[in-house]
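Here's a quick walk through the model, one piece at a time. Have the structure open as you read.

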Amino acid sequence: MAVSVSRDLKVQVQEDVNKVKLSDRQQELRDAIQRGEPKCLGVSQVMLGVMVISYALPLHFTEHTDVVIFGVPWWTGLTFIAAGTIAIILDKHSTMKIVSLLQAYTSAAFVIV
């Protein structure tokens, strides 16, 4: 909150410029997320995860390689499904906390892989 005093001793209380800038940036972020249509992205990610898992089912009946032993196709499919579900949820409940949580999740996944 900013206070200004004029020469004739009138006091005016003005809105804080930083607070206005912060709320404007938060609104811009929400608008950018909504323009990206995360629900469509989420549905496609879930379908991709289901396809990866369904294509990996015949690997149970073949020779077991390192890929099958480590379960790479199943973990990959589950990761796509989890990311798609989060994107669908983000379509309705977009907040800065969720965006920060997703950034941390993505960073952790990048470090692990």
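## Helix H4

Helix H4 covers residues 72-92, and its 21 residues should span 30 Å at 1.5 Å a residue; the end C-alpha atoms sit 31 Å apart, so the two agree. The expected span here is 1.5 Å times one less than the number of residues. Helices are DSSP runs (H or I, at least four residues) and strands are too (E, at least two), numbered from the N terminus.

Which residues of H4 are buried? They are Pro-73, Trp-74, Gly-77, Gly-84, Ala-87 and Leu-90. Buried means under 20% relative accessible area, exposed means over 50%, and partly exposed is in between (1.4 Å probe, protein chains only). Ala-83, also in H4, is partly exposed because its relative accessible area is 26%. Its C-alpha atom is separated by 9.8 Å from that of Val-43, 40 residues apart along the chain.

## Where the model comes from

This is a predicted model: local features need pLDDT of at least 70, side-chain atom pairs count only at pLDDT 80 or more, and totals for chains, interfaces and linings use all residues. Residues are numbered from 1 along each chain as its sequence is written, and side-chain values use heavy atoms, with hydrogens and water left out.

## H2 against H4

Two packed helices are described by the angle between their axes and the distance between the axes. For helix H2 (residues 38-56) and H4, the axes come within 7 Å and cross at roughly 165°. The axes are lines fitted to C-alpha atoms, for helices over the stretch in contact, with angles from 0 to 180 degrees between N-to-C directions. H2 and H4 are therefore roughly antiparallel (over 145 degrees; under 35 is roughly parallel, 65 to 115 roughly perpendicular, the rest oblique).

As for the residues in the contact of H2 with H4, 16 are nonpolar, 7 polar and 3 charged. Nonpolar here is Ala, Val, Leu, Ile, Met, Phe, Trp, Tyr, Cys and Pro; charged is Asp, Glu, Lys and Arg; polar is the others, Gly among them.

## The whole chain and its start

The protein chain has 5 helices and 2 strands, running β-β-α-α-α-α-α from the N terminus on. Of its 113 residues, 14% are buried.

Lys-10 and Asp-8 meet through their side chains in a salt bridge at 3.9 Å, N to O. That takes a side-chain nitrogen of Lys or Arg within 4 Å of a carboxyl oxygen of Asp or Glu, and the count by this rule is 1. Lys-10 counts as exposed because its relative accessibility is 53%.
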